[in-house]
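I opened this entry to keep track of what I looked up, one topic at a time. The sequence and model come first, then my notes.

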Amino acid sequence: MEQAELFSKVLKIISPFAKNQDALAKVGMDTHILDDLKVNSARLVDVVLAFEDEFGIEIADEDVDDVNTVGDAVRLIGAKLG
Amino acid sequence: MAELALRTRLALQLQRVVVATLAPLWAPALAVGMRLVLRWRIEGAREARAEYARIRATSRAPLLVCANHLTMVDSAIIAWALGSPGWYLLHPSSLPWNVPDRANFASRWWQRILVYLMKCIPIPRGGDRAEVAGVLHRLAWLLARGDVGLVFPEGGRSRTGRVERATSTYGVGRILGLVPGCRVLCVHLRGEGQEAFSRAPRRGERFHVALELFEPKSDATGLRRSLDLTRQVIGRLADLEQGFFDARR
């Protein structure tokens, strides 16, 4: 899957959880999911579970520790998909 | 469970020694303050303390205390409900470690000293994921070595005044996943005047405490396992809470 397509799908999953619509409008790979998009940290797990369902992958607890930006999520999913 | 760095392990061991050494100074004063100055009373404390002492005496399996969360001083009240200062002096590993929010409890230098002495490992709630994971690993390491931890599965004070299943964090499940065989002691503590969350209970508050020990298990893997374990704990807490309200009808 192309990175642009992956980015688009990741964004679609994150969007409902984002409280900062301004940051969402100009989102990029470096946008911080918690700090910029203001996704509730407790809801990050729901975001990651949605990634698992959408892409048919399993993400370990340790993998989530490295997901800070949208780009981190895109790269993690890309790596899982091989 | 990933092994902690030697420096981290030594730092925790040092904190454990410092707390055990200095607790005789602050623990009785804290208990006196709660009992005589604030005039708080805990109904069922005698039974709760006996049950906690029995749990600790009969098994050295890892133990995590999980409680409902209504005020910013719940950790102190729960520790008081589970043991007297004198008992903790004889059983220092039974005084629970806490993981308070760094922003609220450890943003200033004197706060950091206080929480260090009160057996806390501040956590950057909602902060850097790797840093949060580091704190959870430290707590898991302590549990695996016979110490007791105290966490609030709801992740913060309940905004509705009731155990909130929807806002539960998965950190509790993650800790449990890191420590095989870890048991959970669910503690529901509520004052008769506590209808909603607040900074602290009112003066003269009369609390009621209820405990339930169980070992959560899950066949799921990864994040779903952590979430499943967390939901089991929250479910038990909600049941204890329901018991409190049913008894008062």
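Why is strand β2 (residues 63-67) of chain B largely enclosed by the rest of the structure? I found that five of its five residues are buried, so β2(B) is largely enclosed. I took buried to mean 20 or more other C-beta atoms within 10 Å of the residue's own, exposed to mean 12 or fewer, and partly exposed to mean in between, with C-beta atoms placed from the backbone. Helices (H or I, at least four residues) and strands (E, at least two) are DSSP runs, numbered from the N terminus.

I noted the conventions before going on. This is a predicted model, in which local features need pLDDT of at least 70 and side-chain atom pairs count only at pLDDT 80 or more, while totals for chains, interfaces and linings use all residues. Residues are numbered from 1 along each chain as its sequence is written, and chains are lettered from A and ligands numbered from 1 in the order in which they are written.

**Strand β2 of chain B**

I checked which way the side chains go. L63(B), V65(B) and A67(B) point one way from β2(B), whereas L64(B) and C66(B) point the other way, and all are buried.

I then looked at the partners, where two strands pair if DSSP finds at least two bridges between them. β2(B) runs parallel to β4(B), joined by four bridges. With strand β5 (residues 183-191) of chain B, β2(B) pairs in the parallel sense over five bridges. There A67(B) stands opposite V187(B).

**The sheet**

I wrote down the strand order of the open six-stranded sheet in chain B as β1-β6-β5-β2-β4-β3, with mixed pairing. Its edge strands are β1 (41-43) and β3 (97-98), each pairing on one side only. β5(B) and strand β6 (residues 206-214) of chain B run antiparallel and are joined by eight bridges. In that pair L189(B) stands opposite V209(B).

I also looked for a helix over the sheet. Helix α9 (residues 222-247) of chain B lies across β2, β5 and β6 of chain B, and runs at about 35° to β5(B). For such angles, axes are lines fitted to C-alpha atoms, for helices over the stretch in contact, and angles run from 0 to 180 degrees between N-to-C directions.

**V148(B)**

I picked V148(B), which lies in strand β4 (residues 148-151) of chain B. Is V148(B) buried or exposed? V148(B) is buried, because 23 other C-beta atoms lie within 10 Å. L63(B) stands opposite V148(B) in the strand pair. The two are 85 residues apart in sequence, yet 5.4 Å apart in space, C-alpha to C-alpha.

I listed contacts next, counting two residues as in contact if their C-beta atoms, placed from the backbone, lie within 7 Å. Not counting residues up to four places away in sequence, V148(B) touches L63(B), V65(B), S93(B), S94(B) and P96(B).

**Cores**

I used nonpolar core for a set of buried Ala, Val, Leu, Ile, Met, Phe, Trp, Tyr and Cys residues joined through C-beta atoms within 7 Å. The largest has 54 residues, and L64(B), V65(B), C66(B) and I78(B) have the most contacts inside it. A second, separate core of 22 residues includes I14(A), V74(A), Y170(B) and L223(B). Going back to V65(B), I found contacts beyond four places in sequence that include I78(B), V148(B), L185(B) and V187(B).

**Where the chains meet**

I counted 15 residues from chain A and 17 residues from chain B in the contact. On the chain A side, α3 (44-55) and α4 (61-65) each supply at least two residues.

I found nine helices and six strands in chain B. The radius of gyration of chain B is 17 Å, close to the 18 Å that the globule rule gives for 249 residues, so chain B is as compact as a globular protein of that length. The radius is taken over C-alpha atoms, and the rule is 2.2 Å times the number of residues to the power 0.38. Of the 249 residues of chain B, 40% count as buried.

Chain A has five helices and zero strands. Of its 82 residues, 27% count as buried. Along its principal axes the C-alpha trace of chain A spans about 35 × 25 × 20 Å.
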